[in-house]
Amino acid sequence: NHVVFGPITYDLTIRYCCTQHQSLTRWERTFTVVKFLLIENALYYCAHYLMHTRHLYRIHRFHHKFNVVVLPSSASAVSAAEFLFAYMSPFLVAAWGASCDKHCAIVAALII
């Protein structure tokens, strides 16, 4: 998922969701990254919460097959639908909602 859908989504985000600010100060960039992270984390939480409902659990149940020995990498064991819904769509919306430019989106992606 990270190898196939991640680069495509990051490219689409930078092309279509990021703004073309002329010049932001260091504080404006910092504030933009913080806004991005808050929006993305809130949306991820909501998406994950929704996947535990009856209607969306079918795309999330693959993740819960890894419950005998739980490794940190188990968190990345998600279906393609879950990856796009819970991981990539919050990223897209956060870039748009925080009015990120390309550099702020890249910094936020590295933090996530």
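Helices (H or I, at least four residues) and strands (E, at least two) are DSSP runs, numbered from the N terminus. Buried means under 20% relative accessible area, exposed over 50%, and partly exposed in between (1.4 Å probe, protein chains only).

What you have loaded is a predicted model, where local features need pLDDT of at least 70, side-chain atom pairs count only at pLDDT 80 or more, and totals for chains, interfaces and linings use all residues. Residues are numbered from 1 along each chain as its sequence is written, and side-chain values use heavy atoms, with hydrogens and water left out.

**Stop 1: the whole chain.** Colour by secondary structure and you get five helices and zero strands, in the order α-α-α-α-α. The chain has 112 residues, and 30% of them count as buried. Take the contacts between residues at least 6 apart in sequence: 74% of these join residues at least 24 apart.

**Stop 2: α2.** Select residues 26-50. The expected span of a helix is 1.5 Å times one less than its number of residues. For the 25 residues of α2 that gives 36 Å, and its end C-alpha atoms are 36 Å apart, so the two agree. Now show the side chains of Thr32, Val33, Phe36, Leu37, Glu40 and Ala47, the buried residues of α2. Their cover includes α4 and α5.

Zoom in on Thr32 in α2. Thr32 counts as buried because its relative accessible area is 7%. Setting aside residues up to four places away in sequence, Thr32 touches Leu24, Ala98, Ser99, Cys100 and Cys104.

Next, Glu40, also in helix α2. Is Glu40 buried or exposed? Its relative accessibility is 5%, so Glu40 counts as buried. Beyond neighbours within four places in sequence, Glu40 contacts Tyr87, Pro90, Phe91, Ala94 and Ile112.

**Stop 3: α4.** Select residues 80-97, an 18-residue helix that reaches 24 Å from first C-alpha to last, close to the 26 Å expected. Where does α4 kink? Look at Met88, shortly before the proline Pro90, for a kink of about 35° (the angle between axes fitted to the seven residues ending there and the seven starting there). Buried residues of α4 include Glu82, Phe83, Met88 and Pro90. Among the elements covering the buried residues of α4 are α1 (5-17), α3 (57-60) and α5 (102-111). Just after α4, click Ser99, which has a positive phi of about 55°.

**Stop 4: the pairs.** Two packed helices are described by the angle between their axes and the distance between the axes. Axes are lines fitted to C-alpha atoms, for helices over the stretch in contact, and angles run from 0 to 180 degrees between N-to-C directions.

Show α2 with α4: their axes come within 8 Å and cross at roughly 150°. That makes α2 roughly antiparallel to α4 (angles over 145 degrees count as roughly antiparallel, under 35 as roughly parallel, 65 to 115 as roughly perpendicular and the rest as oblique). Residues in α2 including Phe36, Leu43 and Tyr44 meet residues in α4 including Phe85, Tyr87 and Val93.

Among the contacting residues, pick out Phe5 and Tyr10 of α1, and Leu84 and Trp96 of α4.

Terms used: Contact = heavy atoms within 4.5 Å.
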